[in-house]
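Work through the exercises below with the sequence and the model side by side. Each task is followed by its solution.

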Amino acid sequence: MSSKSESSEAQQTTSHDVIRKWTEERGGKPATVKATEEDGHAGILRIDFDPPDQALDRISWDEFFAKFDETGIAFLHQDRTKDGKMSRFHKFVRR
């Protein structure tokens with residue numbers, strides 16, 4: 001497999017450093033879905049890109065990772081598209 005096709009494959013991680021680096025390289029911010037927040041705590045996690053999504057609340061990385069670890073999920077992400085462009089494809093999955 002060539003390095004170009006390997007980089008277009010989705011990768012799964014639970015590393016806080018990898019998630020934060022991937023997100024910040026793409027201008028993303030940690031966020032939670034407003035409608036799922038409970039008692040001031042983060043609900044369903046998302047990455048918010050500009051322009052800000054009105055359905056999301058941006059949160060701190062500390063709050064984001066506390067919820068991430070608590071829910072036992074992983075981050076599925078793609079570094080590059082098949083044509084070599086930076087990808088923003090990501091989703092949160094059960095481990």
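Buried means under 20% relative accessible area, exposed over 50%, and partly exposed in between (1.4 Å probe, protein chains only). This is a predicted model: local features need pLDDT of at least 70, side-chain atom pairs count only at pLDDT 80 or more, and totals for chains, interfaces and linings use all residues. Residues are numbered from 1 along each chain as its sequence is written, and side-chain values use heavy atoms, with hydrogens and water left out.

**Exercise 1. Is H77 buried or exposed, and what does H77 touch?**

Step 1. H77 sits in strand β5. Strands (E, at least two residues) and helices (H or I, at least four) are DSSP runs, numbered from the N terminus.

Step 2. Apply the cut-off. H77 has 3% relative accessibility, so it counts as buried.

Step 3. List the contacts (heavy atoms within 4.5 Å). Residues up to four places away in sequence are not counted; H77 then touches E9, A10, Q11, T13, V18, W22, F89 and H90.

**Exercise 2. Work out the sheet that holds β5, and name the helices that pack on this sheet.**

Step 1. Find the order. Strands pair if DSSP finds at least two bridges between them. The order is β1-β5-β6, in an open sheet of three strands with antiparallel pairing.

Step 2. Find the edges. β1 (10-13) and β6 (90-94) each have a single partner strand, so one side of each lacks a neighbour in the sheet. Neighbouring strands are turned by 30° against each other on average, direction ignored.

Step 3. Check one pairing. β1 and β5 (residues 73-78) run antiparallel and are joined by four bridges. Q12 has L76 in β5 as its bridge partner.

Step 4. Angles run from 0 to 180 degrees between N-to-C directions, with axes as lines fitted to C-alpha atoms, for helices over the stretch in contact. Helix α2 (residues 16-25) touches β1, β5 and β6, and its direction makes about 40° with that of β5. Helix α3 (residues 61-71) lies across β1, β5 and β6 at about 115° to β5.

**Exercise 3. Describe the sheet with the order β3-β2-β4.**

Step 1. The twist averages 45° from one strand to the next.

Step 2. Check a pairing. Four bridges join β2 to β3. T32 has L45 in β3 as its bridge partner.

Step 3. α3 lies across β2 and β3, at about 145° to β3.

**Exercise 4. Which residues of the largest nonpolar core touch the most other members?**

Step 1. Define the set. A nonpolar core joins buried Ala, Val, Leu, Ile, Met, Phe, Trp, Tyr and Cys residues through side-chain atoms within 4.5 Å.

Step 2. Pick the residues. Of the 14 core residues, I19, L45, F64, F68, F75 and F92 touch the most other members.

Step 3. Trace their sources. α2, β3, α3 and β5 each supply at least two residues. α3 gives the largest share, four residues.

**Exercise 5. Where is T36, and which residues does T36 contact?**

Step 1. T36 is in the loop between β2 (29-33) and β3 (45-48). Its relative accessibility is 25%, so T36 counts as partly exposed.

Step 2. Leaving aside neighbours within four places in sequence, T36 is in contact with G43 and I44.
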